[in-house]
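I opened the notebook to go through one chain fold element by element.

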Amino acid sequence: MAREVVDAMTMRRALTRITYEIIEQNKGVGNLVFIGIKTRGIYLAERLAQRLKQLEDVDVPVGSLDITLYRDDHHAIDVAGQAKLNGADIPVDINGKHIILVDDVLFTGRTVRAALDALMDHGRPAKISLAVLVDRGHRELPIRPDFIGKNIPTALDEQVNVALEEHDGHDGITIEKLEG
């Protein structure tokens, strides 16, 4: 049984806080590009760009990255949720830009490692930062997010599920114990 740990309002607040942190840490946002990791990372990147537009009246380009080809782990819990190979949709040249990779949940770090590999195949950014809605711990690689919506400690036999209006019809984050 899944238990809700973040509701829609709390999620909105977390994304607004991430947006303010991005503004504060970047002393201007003219060189930024948001790149969402498929699937939910894309919607989160779009939301961050919309919020940045509201706050700073700046249009930040938003792209998407499908990292399936670059993955090195194929655990049973990951396979069902992997996106089909569609490549990347990045609307601008990323050379010399500050890329903010956006994903819903940071767990082992392997998705982010794959995203970095995929991104480097598209150019050489000046800087890459990482924004995640949820950091659940249990890292297997030396990867640390720069912007975190919520730290949610979990057990290894738990799964964090992020629901987004654009994909799931509602916003929220739940945790459920995996069978097995």
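The entries below record what I looked up, in order.

**Entry 1: strand E2**

I noted at the outset that this is a predicted model. I began with strand E2, residues 32-37. How many residues of E2 are buried? I found 6 of the 6, so the strand is largely enclosed by the rest of the structure. I then checked each face. On one side, Leu32, Phe34 and Gly36 are buried.

**Entry 2: the neighbours of E2**

Which strands pair with E2, and in what sense? One partner is E5, residues 98-106, and the pairing is parallel over 5 bridges. Here I traced Val33 to its bridge partner Ile99 in E5. Another partner is E3, residues 62-65, also parallel, with 4 bridges. In that pair, Ile35 stands opposite Gly63 of E3. I followed the chain from E2 to E3 and passed through helix H2, residues 40-56. This β-α-β crossover is right-handed.

I looked next at Thr39, in the loop between E2 and H2. Is Thr39 buried, partly exposed or exposed? Its relative accessibility is 26%, so I logged Thr39 as partly exposed. Thr39 and Ser64 are 25 residues apart along the chain, and their C-alpha atoms are separated by 8.6 Å.

**Entry 3: Asp171**

I moved to Asp171, in the loop between helix H5 (165-168) and strand E9 (172-177). With a relative accessible area of 13%, Asp171 is buried, because the limit for that class is 20%. What does the side chain of Asp171 reach? I found a polar contact with the side chain of Arg47 at 2.8 Å. The Asp171 side chain also reaches the backbone nitrogen of Glu165 at 2.7 Å. I then listed residues that Asp171 touches, leaving out those up to four places away in sequence. They are Asp7, Ala8, Met11, Arg47, Ala163, Leu164 and Glu165.

**Entry 4: the second largest pocket**

Arg47 came up again when I looked at pockets: Arg47 is one of the residues lining the second largest pocket. How much space lies in this pocket? I read about 190 Å³. Besides Arg47, the lining includes Arg12, Arg13, Leu15, Thr16 and Thr19. Leu48, Gln50, Arg51 and Gln54 belong to the lining too. I checked the helices behind it. H1 (8-26) and H2 each supply at least two lining residues.

**Entry 5: positive phi**

Last, I looked for positive phi outside glycine. Asp57 has a phi of about 55°. Asp57 sits in the loop between H2 and E3. I logged Asp57 as exposed, with a relative accessible area of 58%. His138 also has a positive phi, near 65°. Where does His138 lie? I placed His138 in the loop between strand E6 (127-135) and strand E7 (147-151). His138 has 30% relative accessibility, so I logged it as partly exposed.

Notes:
Residues are numbered from 1 along each chain as its sequence is written. This is a predicted model: local features need pLDDT of at least 70, side-chain atom pairs count only at pLDDT 80 or more; totals for chains, interfaces and linings use all residues. Side-chain values use heavy atoms; hydrogens and water are left out. Buried means under 20% relative accessible area, exposed over 50%, partly exposed in between (1.4 Å probe, protein chains only). Two strands pair if DSSP finds at least two bridges between them. A crossover is right-handed if, with the strands pointing away from the viewer, the path from the first strand over the helix to the second runs clockwise. A polar contact is a pair of N or O atoms within 3.5 Å; within protein, one must be able to donate a hydrogen and the other to accept it, and residues adjacent in sequence count only if both atoms are side-chain atoms. Contact means heavy atoms within 4.5 Å. On a 1 Å grid over the protein atoms alone, a cavity is a set of points where a 1.4 Å probe fits but cannot get out, and a pocket is an open set with protein on both sides within 12 Å along at least five of seven lines; lining residues have an atom within 4 Å of a point. Grid points are joined across faces, edges and corners, and a volume is the space filled by probe spheres set on the points.
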